[in-house]
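Dear colleague,

Please find below the structure that I am handing over to you. My notes on what was found in it follow.

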Amino acid sequence: MSEKTLDLWALDVTGQKRVRISRVPREWTIAELLSDAVARMGLVSADTEGRPMSYRARLEREGRHLHASELVGDTLASGDEMTISPHIMAG
Amino acid sequence: MSPPYRYTIRYSALDGRALGAIAVEPDFEPACAWAEFQGIRRGALPAVVPGEGSDVVPLWDPRDGPPWLAGVRIEPRARPAGASLAAEVSPAFFRPLAEAGSSLLVESGALEAGERYRYRVCAFPSDAPEPPAAGAAGLQFAEERRPLPLVSGSLDGFLTRSTAAAAPDPGDHPVFVHAAVLEQALDMARLSPEVETGGVLLGRLHRSAVPADVFLEITALVLTRHTEATSASFTFTPEAWADARRAVERRGAGELMVGFEHHHPHFCRRCPPARRPRCALRGPFLSQEDRLLQRACFPAPYQVALLVTDRGAGELLTTLYGWRAGLLVERGFHRLETPAAPEPVAA
């Protein structure tokens, strides 16, 4: 029987901040993981109007952005690196 | 370790009437990282990030005392015996919070739109418990401590090959921008007079032995795909960031993503000519969105934002912004005319 959780690495957009996230439930969606990771990595969570900032996770092993509804257990393996990138506007 | 504090901004009308108070949560993270970076520059702290953190200590108003603040002092926890690495954060740090809070007072009717006001910042010891070490579901987060990627470089050597493009503040880490990067940014602005342009800045951090300091060399401006531009905005999508990282890998020069560049078109072109000299949009400025982008993507103390401002009639200005004691401010830089041959890059 496989473990119920896995451990990952999350990087900020520049790759200069690297955070180990342990005990990620396999049944979580990527959206749930992102929500927790943004808050706990100290990333900016709201835009200038107070609206939630939009982030996506890129799985470096496959070179693709993950869909919010994908399941952690179906998509990620322990030790994977994902880059968390915002959709963000300069004025 | 000093106790954590909670912060409140108290507003009053110009005639002294109390208008209300707003609780705020100051973002001290860039200021703390900046204070530790000053220690790294002087060789007083190991070049490892993140450091051991910093304490934020209130500086009480010398006349009125607690709870009235005159600023805060950032004290890195790791420091050699006898060394002071403290950095002071000025009252200006709280101004954006005060401005944001004033809009809430306008919404509540306590303040008229456009009405002038005074504000003071208070700090109170917080009784709030420390946040739990793990999330609700038991997730654990641990940031990896890594050496700051420094390559050796001679600050004097760079200075002899460059010209000051804007007067550097002696307290700032020196920044050298390759002339080709500046010309590329200016060319993009010329070619797109009505729509914003932009890209990601790449560079390297250098450790200079004599004089002892850390300085930044900006080596390239990467124009990524998957950006979205209008006459008043420039958007980096997640795909654009991935494109920038691929560019770093492709170049293979050990560069870091060290900031972003964008340009402001001539916003006043449709205004009556008589109004233009007084218009705040004619000069260089970072919008709230620009500042949020820098905070979200480039919060490290050595990271910068390059802006090209079109003032009309072919006049283009380049301005560099960087972190100073928690504030994102206009700062000086050097235009590097003759880049040296590539130096060995640390693994």
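Strand 14 of chain B, residues 213-222, is mostly covered, since eight of its 10 residues are buried. Please keep in mind while reading that this is a predicted model.

Two strands pair with strand 14 of chain B. One of them is strand 12 of chain B (residues 175-178), which runs parallel to strand 14 and is joined to it over three bridges. Within this pairing, B:Phe176 stands opposite B:Glu217 of strand 14. Another is strand 13 of chain B (residues 198-208), which pairs with strand 14 in the antiparallel sense over nine bridges. Here B:Val200 faces B:Val222 of strand 14. Strands 13 and 14 of chain B also form a hairpin, with four residues between them. As a general point for reading such strands, the side chains in a regular strand alternate between the two faces of the sheet.

**Helix 2 of chain B**

Helix 2 of chain B covers residues 95-108, and its 14 residues should span 20 Å at 1.5 Å a residue. The C-alpha atoms at its ends are 20 Å apart, which agrees with that expectation.

Which residues of helix 2 of chain B are buried? They are B:Gly101, B:Ser102 and B:Leu105. Because these residues cover an arc of only 115 degrees around the axis, they lie on the same side of helix 2 of chain B. The buried residues of the helix pack against three strands of chain B: strand 1 (5-13), strand 2 (18-24) and strand 7 (117-125). On the face turned away from the buried side, helix 2 of chain B carries the exposed residues B:Glu99, B:Ser103 and B:Glu107. Just after the helix comes B:Gly109, which takes a positive phi of about 90 degrees.

**A residue in chain A**

A:Lys4 is found in the segment before strand 1 (5-11) of chain A.

Leaving aside neighbours within four places in sequence, A:Lys4 is in contact with A:Pro25 and A:Arg26. A:Lys4 and A:Pro86, in turn, are 82 residues apart in sequence, and their C-alpha atoms are 29 Å apart in space.

Yours sincerely

Key:
Residues numbered from 1 in each chain as written. Chains lettered and ligands numbered in written order. Predicted model: local features only at pLDDT ≥ 70, side-chain atom pairs only at ≥ 80, totals over all residues. Contact = placed C-beta atoms within 7 Å. Buried ≥ 20, exposed ≤ 12 C-beta atoms within 10 Å, placed from the backbone. Pairing = 2+ DSSP bridges. Expected span 1.5 Å × (residues − 1). Arc of directions from axis to C-beta.
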